[in-house]
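Dear colleague,

I am passing on the structure we spoke about, and below it you will find an account of what came out of the analysis. Please read the text with the structure open beside you.

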Amino acid sequence: MIGKTVEILLVEDNPADARLVMEVFKDFKINNKLYHVKDGVEAMDYLQHSGEYADTSKPDLILLDLNLPRKDGREVLKEIKEDEELKCIPVVILTTSSAEDDVLKTYCNHANCYIIKPVDFDQFIKVIQSIESFWLTMVKLPS
């Protein structure tokens, strides 16, 4: 993805977690744009270019929390992967849920990976750095 700006959609309702993710991504020198929405309804509006998100572009990667207000992340994932225009976008689940049922259901709905957010601040930073390192430098994302 060298030379191309990587667009990332962060779907996260926790302001502290969202702020931390944005700061860690900003600290890296990789050419990316990180957009943040606070719930599943906003995520789908963003992805479907509805309302205030009419001029958005399709992200290269989605970081999706599961436990969201208004529209649950599980439902958002299902809608993304059933949509012909969106289904090829890699979706990284980034959540506090360690429930085996959530892990199984999200993979059955074609999540690309499942990461449990650590509660420890330093570990959380390492997880975000690992996501960026793997998904934005090692992986070839679809154009």
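Two strands are taken to pair if DSSP finds at least two bridges between them. By that criterion, E1 and E2 pair in the parallel sense, over six bridges, with leucine 10 standing opposite histidine 36 in E2. Please keep in mind throughout that this is a predicted model.

Taking the chain as a whole, there are five helices and five strands, and from the N terminus on these elements run β-α-β-α-β-α-β-α-β-α. The C-alpha trace spans about 35 × 30 × 25 Å along its principal axes, and the radius of gyration is 14 Å, which agrees with the value near 15 Å that a compact globule of 143 residues would have. Buried residues make up 47% of the chain, and of the contacts with a separation of 6 or more, 66% are between residues 24 or more positions apart.

The five strands form an open sheet in the order E2-E1-E3-E4-E5, with parallel pairing. Its edge strands are E2 (32–37) and E5 (113–116), each of which pairs on one side only, and the twist averages 20 degrees from one strand to the next. Helix H5 (residues 121–138) packs on this sheet and touches E1, E2, E3, E4 and E5, while its direction makes about 175 degrees with that of E4. Strand E4 (residues 91–95) runs parallel to E5 and is joined to E5 by four bridges; within this pair, isoleucine 93 has tyrosine 114 as its bridge partner.

Strand E1 deserves a separate look.

Which side chain of opposite charge is nearest to glutamate 42? It is that of arginine 70, 4.5 Å away, and glutamate 42 is buried yet has no salt bridge, because a salt bridge is counted only within 4 Å. Leaving aside neighbours within four places in sequence, glutamate 42 is in contact with Val37, Tyr53 and Arg70.

Terms used. Residues are numbered from 1 along each chain as its sequence is written. This is a predicted model: local features need pLDDT of at least 70, side-chain atom pairs count only at pLDDT 80 or more; totals for chains, interfaces and linings use all residues. Side-chain values use heavy atoms; hydrogens and water are left out. Buried means under 20% relative accessible area, exposed over 50%, partly exposed in between (1.4 Å probe, protein chains only). Lys and Arg count as positive and Asp and Glu as negative; His and the chain ends are not counted. Contact means heavy atoms within 4.5 Å. Helices (H or I, at least four residues) and strands (E, at least two) are DSSP runs, numbered from the N terminus. Axes are lines fitted to C-alpha atoms, for helices over the stretch in contact, and angles run from 0 to 180 degrees between N-to-C directions. The radius of gyration is taken over C-alpha atoms; the globule rule is 2.2 Å times the number of residues to the power 0.38.
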